[in-house]
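Have a go at each task before you read its solution.

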Amino acid sequence: MRITTWNVNSIRQRQAHLLDFLKEHAPDVVCLQELKTTLDAFPKSEIEDAGYNVAAVGQKGFNGVALLSKHPIEDVREGLPGNDGDVQARYVEGVIATGSGVVRVASIYLPNGNPLGSEKYPYKLAFMERLIAHARDLMRLEEPLVLAGDYNVIPEPRDAADPAAWEGDALFLPQTRAKFRELLALGLTDALRACDEAAGRYTFWDYQAGAWQRDKGIRIDHHLLSPQAADRLEGVTIHKQERAKEKPSDHVPVTVRLKA
DNA sequence: ATGACTGGCCCTGCCAGA
C-alpha cells in the first residue's frame with residue numbers, strides 16, 4: 001500500500017500535475033494540503049474519474065486539505081478535536097478499508113507560525129498541542145495509523161541545506177522542534193528517517209532566490225507511523241522530479257510504502 | 001553582495017506562504 005502526501009499550493013493551479021501523478025504512480029491514498037479553494041471549485045469529478053474517492057475540507061483562498069483513496073474512505077473526521085471556533089481547514093482523517101485490513105490516515109496542514117511576535121506562532125503551538133492530544137487518543141486504538149502532511153517543522157539541522165538561515169524561524173525554533181519530538185515520543189515513527197539517515201532529503205524549495213537551482217531545500221513534509229504501520233514500512237520516495245516541472249508546487253510529493 | 005516567487009482575492013496592490 002502506498003500513501004502519498006503533497007502540498008499542492010492551489011489545487012486549481014496543480015490539477016494537471018496531480019492527475020498526471022495519479023496516472024503515473026497510482027498511489028492507494030493521497031493526502032493533499034493547501035487546496036486554496038472552497039469545495040465548489042475543487043475538481044472532485046476529475047479526481048473521481050481517475051479512480052479515487054474523495055474526502056475534502058475547503059476554505060476560501062487559504063488552507064484546505066483532502067484525502068484521495070482508491071479504496072472506500074470511512075469514519076471521516078474534519079478538523080482536530082478541541083478546535084471549536086477554528087475555521088481553518090487544516091485536518092481531515094479517515095479510515096481506508098482495503099481488502100487486507102484498515103489503515104487510518106490523516107492529511108495535516110500544520111500552521112506555518114511566521115511571523116514571530118504575531119498571533120500566528122501561538123496558534124501553531126496550540127494546533128500542535130491539539131494534534132498531540134488527538135494522536136495520543138488514536139495510538140490507544142493500536143491500529144495502523146499514518147499521520148501525513150505538511151508539518152511546517154524542520155525536525156533537525158540535517159533537514160535544511162542552510163540550517164543557520166532558519167534560526168529564529170517558526171519552522172525551526174527549539175520550541176517547534178520540541179513539540180514535534182513530543183509527537184514522536186508518543187511512539188510514532190518518522191518514516192523517512194526510519195529508512196534513510198542522510199542529510200539533503202528535502203521536500204520543499206522556495207520559489208525565491210533560486211532555491212531549487214541551488215538545492216536550498218528543507219524537509220517539512222512527513223509521514224508519522226504508529227507501531228502497527230511502522231512494522232509494515234518498506235520505504236519512502238521523495239518525488240523530487242516534480243519540482244523541476246513547469247509551474248510546480250513549491251513542495252514535492254512524498255510516498256510511503258507499507259507491506260500489504 | 002543582494003535579491004531574486006507564486007497564488008488568491010475585496011481585481012489590484014496586498015496578504016500569505018516558508
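**Exercise 1.** Find which residues valine 105 touches, not counting residues up to four places away in sequence.

*Solution.* Start with the contact rule: two residues are in contact if their C-beta atoms, placed from the backbone, lie within 7 Å. Applied to valine 105, with residues up to four places away in sequence left out, the rule gives Ile3, Val29, Cys31, Leu67, Glu93, Gly94, Ile96, Val146 and Ala148. Next, look at the core. A nonpolar core is a set of buried Ala, Val, Leu, Ile, Met, Phe, Trp, Tyr and Cys residues joined through C-beta atoms within 7 Å. The largest one here has 66 residues, and Val105 is, with Leu32 and Val146, among those that touch the most other members. Strand 7 (residues 101-109) gives the most to this core, namely five residues.

Before you go on, please note that this is a predicted model, in which local features need pLDDT of at least 70 and side-chain atom pairs count only at pLDDT 80 or more, while totals for chains, interfaces and linings use all residues. Residues are numbered from 1 along each chain as its sequence is written, and chains are lettered from A and ligands numbered from 1 in the order in which they are written.

**Exercise 2.** Describe how helix 3 and helix 4 are arranged.

*Solution.* Two packed helices are described by the angle between their axes and the distance between the axes. Helices (H or I, at least four residues) and strands (E, at least two) are DSSP runs, numbered from the N terminus. The axes are lines fitted to C-alpha atoms over the stretch in contact, with angles from 0 to 180 degrees between N-to-C directions. For helix 3 (residues 120-139) and helix 4 (residues 174-185), the axes come within 9 Å and cross at roughly 10°. Helix 3 is therefore roughly parallel to helix 4 (angles under 35 degrees count as such). Helix 3 contributes Leu125, Met128, Leu131, Ile132 and Ala135 to the contact, and helix 4 contributes Gln175, Lys179, Glu182 and Leu183. By type, these residues divide into six nonpolar, one polar and two charged. Here Ala, Val, Leu, Ile, Met, Phe, Trp, Tyr, Cys and Pro count as nonpolar, Asp, Glu, Lys and Arg as charged, and the others, Gly among them, as polar.

**Exercise 3.** Is alanine 135 buried or exposed?

*Solution.* A residue is buried if 20 or more other C-beta atoms lie within 10 Å of its own, exposed if 12 or fewer, and partly exposed in between. Alanine 135, in helix 3, has 20 C-beta neighbours inside 10 Å, so it counts as buried. Beyond four places in sequence, alanine 135 is in contact with Leu147, Leu183, Leu186 and Leu188.

**Exercise 4.** Which residues come nearest to DNA strand B?

*Solution.* Count a residue as near if its C-beta atom, placed from the backbone, lies within 6 Å of the strand. Of the 25 residues around DNA strand B, Ser10, Gly61, Asn112, Tyr207 and Ala209 come nearest. This surface divides into seven nonpolar, eleven polar and seven charged residues. Alanine 209 is found in the loop between strand 10 (204-205) and strand 11 (217-218). With 10 other C-beta atoms within 10 Å, alanine 209 is exposed.

**Exercise 5.** Where does a cis peptide bond involve proline 115?

*Solution.* The bond joins asparagine 114 and proline 115, with omega about -5°. Proline 115 has its place in the loop between strand 7 and helix 3.

How values were computed. Angles under 35 degrees count as roughly parallel, over 145 as roughly antiparallel, 65 to 115 as roughly perpendicular and the rest as oblique.
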